[in-house]
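Today I am looking at nonpolar cores and aromatic rings.

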Amino acid sequence: MQFYRDGYRPGDPDLKPAAPQVAARSVGLPETLDVLIVGTGPAGTVLAAQMASFPDISTRVIERRPEPLQLGHADGVACRTVEMFQAFGLADALVREAYWVGEVRFWGPSDDDRSKIVRTGWVEDTPAGLSEFPHVIVNQARMQQFLLEHAAQSASRLEVDYGIEFVGYEMDADSEHPVVATLRHTAGEHEGVEFTVRAKYVVGCDGARSNVRRALGIRLEGDAANHAWGVMDVLATTDFPDWRTKNVVQSAGKGSLLMIPREGGNMVRCYVDLGAVPAGDSEIRSTTAAQLADVANAILHPYSIDVRQVAWSSVYEVGQRVAARFDDLTDDSPADATPHVFVAGDACHTHSAKAGQGMNVSMQDTFNLGWKLAAVLQGRSDARLLRTYSEERQAIAVDLIEFDKYWSAYIAQPALDPEHPENGGVTPAAMQAEFAREGRYTAGLATTYTPSSLTGASDHQALATGFGIGTRFHSAPVRRVADARRMELGHSHLADGRWRLYAFGDESGSALREFATWLSDDAASPVRAFTAPDADIDSVIDVHAVFRGSHHDIDITSLPSLLLPTSGPLGLQDWEKTWASDADDDIFTRRGIAAEGAVVVVRPDQYVAHVLPLSAREELREFFAGFLVPVGQQVHA
């Protein structure tokens, strides 16, 4: 973490000095702004945290509730989401508070007495090597608090305007701020009063009953599975021995139970199978927490739980629905049209909680969108870049829906009765095996972006087999040359809208040095072509070198200037661009880097965009030219 780049200052380094243009924040919403974020759920808070990195972009966040969320419904935090939190500098705080899911244990009917359950096996929750971070459990409200505090402490001092809801909008195509949004106060002395603001872009992160989606005329398409589950967070005493591990419990004819311990050492979330329900039956929703506890105790026999307090409970029917588009473009929109209104998270896809992906996928939606909005508003990319949000994330949502249909139905299966196999069901062994097979998906690591202007072809994938093009950048340990610190290479990637370019090569060879020299000196290189002359050399494309061999053998001051650049108002050197392989865990071996080296291009949202040889010149230049605007043509929007 570098925090003296702009000069020494005492105090908390996480509290950034306010940018001059935002030091005097208006009490009410301004008449015009660049980005209006509607809603402070998982998608909205990630977008707020990301847009807060750009104080030159006027962003405001509104929330219909009069105060921050106190008790969230989601709690499962996939490994991929923790990786994203690391880019905001929040992973350490997150995992310190969280419950770490280490194992999933399985229980099924006893062969001796099928009215009783016995432990049948266990698997690792997250297969080894998938991520440097664990799968953790943290309340949604706390997750959102981390992100909103980050935004409030940023140079933008971005805070939420509570008690305001989105009503509708009109487009004024001739205006610099074309979205005329009608808003309404929902609390306080102005409750019920409507007013308008003009924005360049509006992002609806306002949940499954989204007013933004309604205003767009978009429906969530899909079906209910007509199967009900009850969920409750309980503080209880019990003789059940696995109370503090994640459990899948199948009973003989009494339903299934999914148990997930919560943070804090005592609370556990119980998903209680309530069975099939007729379509449109609302009676099941009146099931009380006490009734859920009775069903759970029947499933757990001969064990029991004595519930002392219920922190939260609900009953829901499993349903999977997704929007056909995630922005205001329609099939009739011109080919060169650009979107101005977007939806994200539950506003455009809903599903069961069984795969643990709802909050996680919602956050990834806006992590995808945020850097694109910044690139367009700061003039580094043409507005057509914004079309890629719906193109990329709608496909991911469809995949999620298909997986959730399968997974929620699989978990709801009864235990197979060996004496009556004709009744159907699944054995505990089969359930255990399926959990193990689906570990990559439930860790949030199944997303793969297909070839596009932002994702290259796989012609050179063999140069770095462990960095799959279109997948998230899979970090590995390295040594920082300047101070010999062992750390994860991926942790150099911040949520600041910059592209990362990791060049791998031998210290003794010249290919990597020649490549870095070309990037900094040749006017045709993407670093020179797309970075303003008065800007820091790494402000658009942040270049890092990773050398094969010991950090002791590298004289960092002899490397090309791009790997020891000067930046910031004081023109200080940046000593954190050069890395070496760790002797105990070689990144070249672990990630399949070829002997001749490789260039790995990584998007601002941590996904691998391309793999190229160190000799690549025109191919690299053409790739970046597909979405970046040359310096002479850049116009700050």
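Which residues have the most contacts inside the largest nonpolar core? I found Leu36, Leu373, Trp499 and Phe624, in a core of 90 residues. My rule for a core: buried Ala, Val, Leu, Ile, Met, Phe, Trp, Tyr and Cys residues joined through side-chain atoms within 4.5 Å, where buried means under 20% relative accessible area (1.4 Å probe, protein chains only).

A note on the source: this is a predicted model, where local features need pLDDT of at least 70 and side-chain atom pairs count only at pLDDT 80 or more, while totals for chains, interfaces and linings use all residues. Residues are numbered from 1 along each chain as its sequence is written, and side-chain values use heavy atoms, with hydrogens and water left out.

Back to the core: I see that helix 7 (residues 358-377) gives the largest share, seven residues; helices are DSSP runs of H or I, at least four residues, and strands runs of E, at least two, numbered from the N terminus.

Next, the rings. I count a pair when centres of Phe, Tyr or Trp rings (for Trp, the six-membered ring) lie within 6.5 Å; planes under 30 degrees apart are stacked, over 60 edge-to-face, the rest tilted. My search of the whole structure gave 23 aromatic pairs. Tyr201 and Phe342 are a tilted one, 6.4 Å centre to centre with 40° between the planes. I noted both Tyr201 and Phe342 as buried.

Trp499 and Phe623 are edge-to-face, because their planes stand at 80° with the centres 6.2 Å apart. Trp499 is in strand 21 (residues 499-506) and Phe623 in helix 14 (residues 618-625), 124 residues apart. I also logged a cluster of ring pairs linking Trp371, Trp499, Phe623, Phe624 and Phe627.

Notes:
Buried < 20%, exposed > 50% of the residue type's maximum accessible area, 1.4 Å probe, protein only.
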